[in-house]
Amino acid sequence: MFQPEKDFEEYSTFVFKYLMSLCGNADLAEELTQETFYRAIRSSGRYDGSCKVSTWLCQIAKHIWYQELNKRKRRKTEPLQESGAEDGVESSYCRREQTLEVMKAVHILEENGKEVFLLRITGGFSFKEIGEICGRNENWARVTFYRAKQRIIKEVGRDEM
């Protein structure tokens with residue numbers, strides 16, 4: 001049976017070290033450790049004792065770590081470049097031209113493909129969220145995005161996006 005106070009004292013260091021091995025950041029590992037025990041308390045009724053408490057806590061911690069990675073992936077930003085002004089202007093111009101080509105190709109897509117592509121690329125929505133927005137399922141969103149992307153690649157004449 002899960003006993004929050006006792007198990008926190010006994011396993012918090014263990015869970016912290018486990019999370020440290022995953023993320024390599026002490027502050028983040030501490031925050032995720034706290035979140036792990038919070039969620040363990042909330043879901044303690046589902047702990048059936050079929051595994052050790054430490055194993056159960058590490059499963060929760062791993063799930064939280066994966067959620068953190070997904071959040072970071074969605075808000076990923078391009079780092080600032082410290083190159084000279086000439087490089088910045090030239091690369092900015094090239095990116096703008098590439099974006100223009102892609103947007104022209106997006107414009108010729110069928111309505112579903114266009115909507116899914118734009119929700120995924122500009123909105124950063126997951127396929128599950130896109131499926132919910134469009135009243136379909138996650139698999140439909142994945143397939144529609146893939147087909148739209150292939151059509152855009154064909155139109156732009158590139159092998160990679």
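Trainee: Is Glu35 buried, partly exposed or exposed in this model?

Mentor: Relative accessible area under 20% is called buried, over 50% exposed, and anything in between partly exposed, with a 1.4 Å probe and protein chains only. Glu35 has a relative accessibility of 26% and therefore counts as partly exposed. Bear in mind that this is a predicted model, in which local features need pLDDT of at least 70 and side-chain atom pairs count only at pLDDT 80 or more, while totals for chains, interfaces and linings use all residues. Residues are numbered from 1 along each chain as its sequence is written, and side-chain values use heavy atoms, with hydrogens and water left out.

Trainee: Which residue forms a salt bridge with Glu35?

Mentor: Side chains of opposite charge can pair when their charged atoms come close. The term salt bridge is used here for a side-chain nitrogen of Lys or Arg within 4 Å of a carboxyl oxygen of Asp or Glu. Glu35 pairs with Arg39, the closest N and O atoms being 2.7 Å apart, and Arg39 is partly exposed at 24%. Both lie in helix α2 (residues 26-42), four residues apart, about one turn of the helix; helices are DSSP runs of H or I with at least four residues, numbered from the N terminus.

Trainee: How many salt bridges does a search of the whole structure find, and which residues does Glu68 join into one network?

Mentor: The search finds six. Glu68, which counts as buried at 9%, forms a salt bridge with Lys71 at 3.8 Å between the closest N and O atoms, and another with Arg72 at 3.0 Å. Through these shared partners, Glu68, Lys71 and Arg72 form one network.

Key
Helix = DSSP H or I, 4+ residues; strand = E, 2+ residues; numbered from the N terminus.
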